Amino acid sequence: MHLGGAHEIYVIGGIQAVGAMALGTETIDPVDMLVGPGNAFVAEAKRQLFGKVGIDLFAGPTETMVIADETVDAELCATDLLGQAEHGYNSPAVLVTNNKNLAEETISEIDRILKILPTAETASVSWEEYGEIILCDSYDEMLDVANEIASEHVQVMTDRDDWFLENMHSYGALFLGPRTNVSNGDKVIGTNHTLPTKKAGRYTGGLWVGKYLKTHSYQKITTDEAAVKIGRYCSRLCMLESFVGHAEQANIRVRRYGGEDVPYGKAAQ
């Protein structure tokens, strides 16, 4: 499908709606913002359209992290890592643990599961090229590593899940306890699943109602005295930057509201 006019973009398959919404059609007005999840093609369409319309965030490949200790077993960790690695050939899956036995056994379990997993062709590439197991000395180090990586999905299966909830500050979404997993969030559990990737969790969260709200500011100086006082500061700062036109915006008000004889193009005193 080709959408023409002042802005040219080609859209294919499942991303036709993205281009149509952003550029408009004969019956639909262009929208101001595009939000929601999608595959790599949808992400690229949103990237190209960003600026013409607003978007929620730039989404990369699915990322998953499992934070685990001796309270869970290797089969559970391996299953949860590979369950997300099957998303694509470049989906990072990371185990962060302070238990060496769990780390070693998880490697063995991953090898076993990849022999029987129907999507192993994809998951095995992701695991081989992007998979990691990080062995830490303490829970504090596990926390620091997790915050540094800032994974999109983080499963916490430890004896102190709430401690991680209270202290983690960089991630897309947390899944707490062995009964909870990322697949729940993908399909049924109900929380938002348009989440930051590629360390974006260090400065933003996922899509939420605030994305649809705009904030505006306004200024109003209400007295002659304030106009003059602020004008003097503004004038001097502008002249330090050689912005004479800016300075004159301040100077003319210092003259009119303060009765001061400021030479044109000079800083107010």
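## Ground rules

Residues are numbered from 1 along each chain as its sequence is written, and side-chain values use heavy atoms, with hydrogens and water left out. Since the model is predicted, local features need pLDDT of at least 70 and side-chain atom pairs count only at pLDDT 80 or more, while totals for chains, interfaces and linings use all residues.

## Inside: the cores

Let's start with the largest nonpolar core, which has 19 residues. (A nonpolar core is a set of buried Ala, Val, Leu, Ile, Met, Phe, Trp, Tyr and Cys residues joined through side-chain atoms within 4.5 Å; buried means under 20% relative accessible area, exposed over 50%, partly exposed in between, with a 1.4 Å probe and protein chains only.) Two or more residues each come from β5 (64-68), α3 (74-85), β6 (93-97), α4 (100-114) and α5 (120-130). Helix α3 gives the most, with 6 residues. Helices (H or I, at least four residues) and strands (E, at least two) are DSSP runs, numbered from the N terminus.

Apart from that core lies another, of 15 residues, including Cys136 and Met168.

## Helix α2

In α2 (residues 40-49), Val42, Ala45, Lys46 and Leu49 are buried. They line one face of the helix, because they fall within an arc of 100° seen down its axis, going by directions from the helix axis to the C-beta atoms. Just after α2, glycine 51 takes a positive phi of about 115°.

## Out in the open

Valine 209 sits in the loop between α8 (182-187) and α9 (224-240). Its relative accessibility is 56%, so valine 209 counts as exposed.
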